[in-house]
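Reader: I am new to this structure and should like to learn how to read it. May we take its features one at a time?

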Amino acid sequence: MATVAYASHESTEERTSRPVPTDLSTFRPSGPIVYLVPALNEVDNLPRLFADLESRPQLVPSSSSIVVIDDGSDDGTAELVESYDGSLPLKLIRFEQNQGPGSAFRAGFAAALEHCPLEGLIVTLEADTTSDLDSLPLMLAHASYDADLVLASVHGGGRMLNVSAYRRLLSAGAGWFVRTLLGIDAQTVSSFFRVYRASLLHAALARYGDGLIREPGFACKAELLVKLTALGARVVEVPVDLDATRRIGKSRMKVTPTLMAYGRLMMRQRAEQPQTEQPAGTGALIA
Ligand SMILES: Nc1nc2c(ncn2[C@@H]2O[C@H](COP(=O)(O)OP(=O)(O)O)[C@@H](O)[C@H]2O)c(=O)[nH]1
Ligand SMILES: [Mg+2]
């Protein structure tokens, strides 16, 4: 596990920073968890995600919710969620027209923070079940003990299984870009699988308002990481395996618009840096 951008502002007394317990079998987060699952035409994959979560009730403590953000799917994704009658506390946000995962996260965070207490956790997760949920207890534990943001890291100890060389290259390239050109010391920057402290997102929305996520597409994850790090978020990476054979259907990521968005992000960050950057140790975050 690599620790990145560990801001030195431990002065805020309420902020928790304790060692993560070695035995996670009895660990339970103290607050609810809100799962945000952006979905575009995932009718074939969502039943497996629901089954994965149903088989791990400890990951869905009381008052938790699982919010699927359907983004103009035409394959019955929304109808599948609406007709679900199992044990999971499912909710649906539905866009009639496709707006992209960045827009989905913007709506999802706003909805989650309306009800989620400061000690709650927000997990963002792909609908396609490619990320290994067995890593989630450790991610939740870090978010509860010593991190504000936990990244699932295929490049920081996890493995990319059955992933094409092209996609590996794109993913590694995104990491290089964010490290080298945006100055963030993280190995994996583009995975959707993350855990955020609700308190971090509250602080970020107070700081950036509607401008927190400006990228509507896949580059939103890098954008968020840059902005949250500038706020002084303590970021921890947990190794997570990604297995592409678990996905039915093709990736929905559009490569050219995503690359263009990374370029736009860099230009914008460079233009805005003097206003948004804070010196280390003065993070505005409160736990
Ligand atoms: N809301 C929303 N979700 C999307 C969109 N495109 C992809 N997704 C979802 O985002 C997640 C990641 O997409 P995926 O196709 O697996 O991308 P990859 O893992 O980078 O190949 C999946 O849950 C998709 O259903 C979109 O335009 N809007
Ligand atoms: Mg995927």
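Reader: How should I read the numbering and the cut-offs?

Author: Residues are numbered from 1 along each chain as its sequence is written, while chains are lettered from A and ligands numbered from 1 in the order in which they are written. This is a predicted model, in which local features need pLDDT of at least 70, side-chain atom pairs count only at pLDDT 80 or more, and totals for chains, interfaces and linings use all residues.

Reader: What is the mean pLDDT of the chain, and where does pLDDT stay under 50?

Author: pLDDT is the predictor's confidence in each residue, from 0 to 100. The mean for the chain is 88, and 90% of its residues reach 70 or more. Over residues 1-13 the value stays under 50, and the model has 33 contacts beyond four places in sequence for them; two residues are in contact if their C-beta atoms, placed from the backbone, lie within 7 Å. Residues 276-287 also have a pLDDT below 50, with 36 contacts in the model beyond near neighbours in sequence. Where pLDDT is low, the predicted coordinates should not be read in detail.

Reader: How many helices and strands has the chain, and what share of its residues is buried?

Author: Helices (H or I, at least four residues) and strands (E, at least two) are DSSP runs, numbered from the N terminus. The chain has eight helices and ten strands. A residue is buried if 20 or more other C-beta atoms, placed from the backbone, lie within 10 Å of its own, exposed if 12 or fewer, and partly exposed in between. By that count, 44% of the 287 residues are buried. Of the contacts between residues at least 6 apart in sequence, 85% join residues at least 24 apart.

Reader: Which strands pair with E8, and in what sense does E2 run beside E3?

Author: Two strands pair if DSSP finds at least two bridges between them. Strand E8 (194-197) pairs with E5 in the antiparallel sense over four bridges, and three bridges join it to E6, again antiparallel. Val 195 in E8 stands opposite Val 123 and is also the bridge partner of Val 150. Both faces of E8 are covered, with Arg 194 and Tyr 196 buried on one side and Val 195 and Arg 197 buried on the other. E2 and E3, by contrast, run parallel and are joined by six bridges, with Pro 38 opposite Ile 69 in E3. Six of the seven residues of E3 are buried.

Reader: Why is helix H4 described as largely enclosed?

Author: An α-helix has 3.6 residues a turn, so residues three or four places apart point the same way. In helix H4 (residues 136-145), seven of the ten residues are buried, so the rest of the structure largely encloses it. Those buried are Leu 136, Met 139, Leu 140, Ala 141, His 142, Ala 143 and Ser 144. Their cover includes strands E5 (121-124), E6 (149-153), E8 and E9 (235-239).

Reader: Which residues touch the most other members of the largest nonpolar core?

Author: A nonpolar core is a set of buried Ala, Val, Leu, Ile, Met, Phe, Trp, Tyr and Cys residues joined through C-beta atoms within 7 Å. The largest one has 79 residues, of which Val 37, Val 67 and Ile 122 touch the most other members. Helix H7 (residues 220-230) gives the largest share of this core, seven residues. Beyond four places in sequence, the contacts of Ile 122 include Val 34, Leu 36, Tyr 196 and Leu 201.

Reader: Where do Ser 63 and Thr 129 lie, and is each buried or partly exposed?

Author: Both have a positive phi without being glycine: about 70° for Ser 63 and near 60° for Thr 129. Ser 63 lies in the loop between helix H1 (46-54) and E3, and counts as partly exposed because it has 14 C-beta neighbours inside 10 Å. Thr 129 is in the loop between E5 and H4, and its 22 such neighbours inside 10 Å make it buried.

Reader: Which residues come nearest to ligand 1?

Author: A residue is near a molecule or strand if its C-beta atom, placed from the backbone, lies within 6 Å of it. Ligand 1 has 17 residues around it, and Pro 38, Asp 71, Ala 104, Ser 251 and Arg 252 come nearest. Strand E2 (33-39), strand E3 (65-71) and helix H3 (101-115) each supply at least two residues of this shell. Its residues divide into nine nonpolar, three polar and five charged; here Ala, Val, Leu, Ile, Met, Phe, Trp, Tyr, Cys and Pro count as nonpolar, Asp, Glu, Lys and Arg as charged, and the others, Gly among them, as polar.
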